[in-house]
Amino acid sequence: MESIVLLFERVSFKISLFFSGHDMKKNTSKKNSTVAVIGVGRVGLPLALILAEKGFTVYGIGRNEKKTEQVNEGIMPFMEKGAPSILRRVKGKTFFATVDYSHVVKCDFIILTLGTPIDENMNPVFSQIHDAVASMKQFLRPGQTLILRSTVTPGTTKYVRSMLEADKSLKVGINFFLAFCPERIAEGKAIEEIETVPQMIGGVDAKSGKKAEELFKKIGVATMLTDDVSAELAKLFTNMYRYINFAMANEFMILADNYHKDIHEIVDLVNFGYTRGGVSLPGLTAGPCLFKDGFFMISDLPFADLFLTSWKINESIPHFLVKKLRDTMVLANKKVTILGLAFKAEIDDVRASLSFKARKALLRERMEVALHDPYLKNHSEHRIEKDIYQALDGANVIFVGTNHKEYKHLDMKRVRKIVKKNCIVCDVWNVFGTGKIIFSLSDYF
Ligand SMILES: NC(=O)c1ccc[n+]([C@@H]2O[C@H](COP(=O)([O-])OP(=O)(O)OC[C@H]3O[C@@H](n4cnc5c(N)ncnc54)[C@H](O)[C@@H]3O)[C@@H](O)[C@H]2O)c1
């Protein structure tokens with residue numbers, strides 16, 4: 001019986017992919033549903049806005065009253081391309097931010113977009129999901145569909161199922177539906193990508209999968225039906241595939257350096273005109289997702305060494321770069337300016353950014369550290385220079401932390417005038433286009 005269901009799911013998976021675009025008109029013409037998005041963070045808020053723009057009535061349920069009030073006033077709490085104008089259009093009409101869980105009772109779909117960090121021992125932390133499910137349980141009713149969208153350790157959707165079924169009135173797959181549909185957007189591009197990236201629909205049973213799929217079909221995006229654990233794994237593998245690739249690129253950089261060669265030229269030699277190339281470039285690889293997601297899979301299988309090794313390599317890069325600087329000049333009592341604090345280009349998210357690890361390593365060298373990022377006006381702990389040329393004034397070292405576009409278009413003549421004469425640049429991202437990881441500014445500009 002199970003194999004028939006699986007066969008059905010495989011077939012419907014292909015059909016969903018093929019027809020979802022064509023179904024769009026038909027589906028959007030139906031009466032739109034009411035949705036609760038629990039967690040109005042980097043994943044939840046853009047998703048809530050897109051759904052509200054599509055005509056769903058959406059309650060974005062957070063836990064911070066001040067933040068939800070600001071969102072209701074039309075203030076985006078973080079950078080997200082295209083989001084501010086949608087927020088202005090939908091606030092108070094189809095979108096309502098609130099801390100009041102009782103709205104859940106009115107909703108057809110409830111989507112959990114809560115944080116899933118790791119703790120100080122690198123263990124996955126369930127508490128946000130656990131607490132949110134516990135808070136909303138009294139408002140759940142038969143007929144609803146609960147969608148888990150956070151990145152989770154495999155088995156978490158079943159854990160949520162067991163929490164739900166502790167209440168005898170909810171029978172998952174019969175009168176209540178549950179699916180894992182992971183978020184796969186890249187921060188900063190969420191609005192565009194929610195409508196274009198195919199959605200994995202991991203139902204805990206066939207009926208739950210179909211119910212969850214209905215919601216995404218109404219957005220008009222391609223869907224792929226599968227089971228919950230496969231979707232949980234697919235999300236983690238998506239992220240780890242990228243993370244391991246970057247680790248490989250970073251290891252290649254270290255190996256090339258051992259022969260006093262720069263990796264950027266070597267990567268060009270590998271990739272140019274060669275269809276089996278595709279080697280990635282090095283960088284400061286981290287961020288709140290890639291940094292932690294490997295740890296969601298190693299608790300049951302302590303031999304998942306590839307993840308751990310990749311983590312070790314990627315996390316070691318700031319120290320590798322600082323050592324290279326130390327081998328080039330005496331660092332103590334000199335000024336270094338870190339350009340870029342976000343964990344990747346063109347966003348304002350500093351969570352798990354390696355720029356801060358570099359900062360610590362540079363402070364340990366007894367350097368004076370100035371920080372700059374065009375997208376960050378302030379930081380709860382650190383002073384951030386607003387003007388880049390002021391940040392660079394008197395610098396002995398420029399350390400590129402993030403490959404923001406702005407840094408590619410600096411007035412290098414002006415930079416040369418304001419930094420110290422023998423200023424050294426550490427540019428793992430190659431934003432200055434020299435192809436060198438470490439170089440003397442005056443040799444190139
Ligand atoms: N940020 C990304 O680009 C991205 C992409 C794909 C997947 N993910 C995954 O999505 C999940 C969410 O990530 P995020 O970056 O949006 O995190 P986030 O911290 O920005 O958002 C989580 C939000 O949930 C809120 N919250 C916590 N407990 C709550 C509760 N009980 N009730 C209501 N709200 C509560 C928090 O205050 C926060 O605003 C994580 O699992 C992450 O790994 C993130």
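## Strands β9 and β11

Strand β9 (residues 335-339) runs parallel to strand β11 (residues 397-400), and four bridges join the two. Within this pairing, Thr337 has Ile398 of β11 as its bridge partner. Helices (H or I, at least four residues) and strands (E, at least two) are DSSP runs, numbered from the N terminus, and two strands pair if DSSP finds at least two bridges between them.

This is a predicted model, in which local features need pLDDT of at least 70 and side-chain atom pairs count only at pLDDT 80 or more, while totals for chains, interfaces and linings use all residues. Residues are numbered from 1 along each chain as its sequence is written, and side-chain values use heavy atoms, with hydrogens and water left out.

## The sheet around them

Both strands belong to an open sheet of five strands with mixed pairing, in the order β10-β9-β11-β12-β13. The edges are β10 (368-372) and β13 (438-440); each has a single partner strand, so one side of each lacks a neighbour in the sheet. On average, neighbouring strands here are turned by 20° against each other, direction ignored.

Helix α13 (residues 354-364) lies across β9, β10 and β11, running at about 175° to β9. Axes are lines fitted to C-alpha atoms, for helices over the stretch in contact, and angles run from 0 to 180 degrees between N-to-C directions.

## Two loop residues with positive phi

Most residues other than glycine have a negative phi. Asn333, in the loop between α12 (305-328) and β9, has a positive phi of about 65°. Ala352 sits in the loop between β9 and α13, and its phi is also positive, near 55°.

Asn333 counts as exposed at 64% relative accessibility, whereas Ala352 is partly exposed at 32%. For these terms, buried means under 20% relative accessible area, exposed over 50% and partly exposed in between (1.4 Å probe, protein chains only).

## Thr68 in helix α3

Now to another part of the chain: Thr68 is found in helix α3 (residues 65-72). Is Thr68 buried or exposed? At 3% relative accessibility, Thr68 counts as buried.

A polar atom of the Thr68 side chain lies 2.9 Å from the backbone oxygen of Glu65. Leaving aside neighbours within four places in sequence, Thr68 is in contact (heavy atoms within 4.5 Å) with Val40, Gly62, Ala97, Thr98 and Val99.

Note on methods: A polar contact is a pair of N or O atoms within 3.5 Å; within protein, one must be able to donate a hydrogen and the other to accept it, and residues adjacent in sequence count only if both atoms are side-chain atoms.
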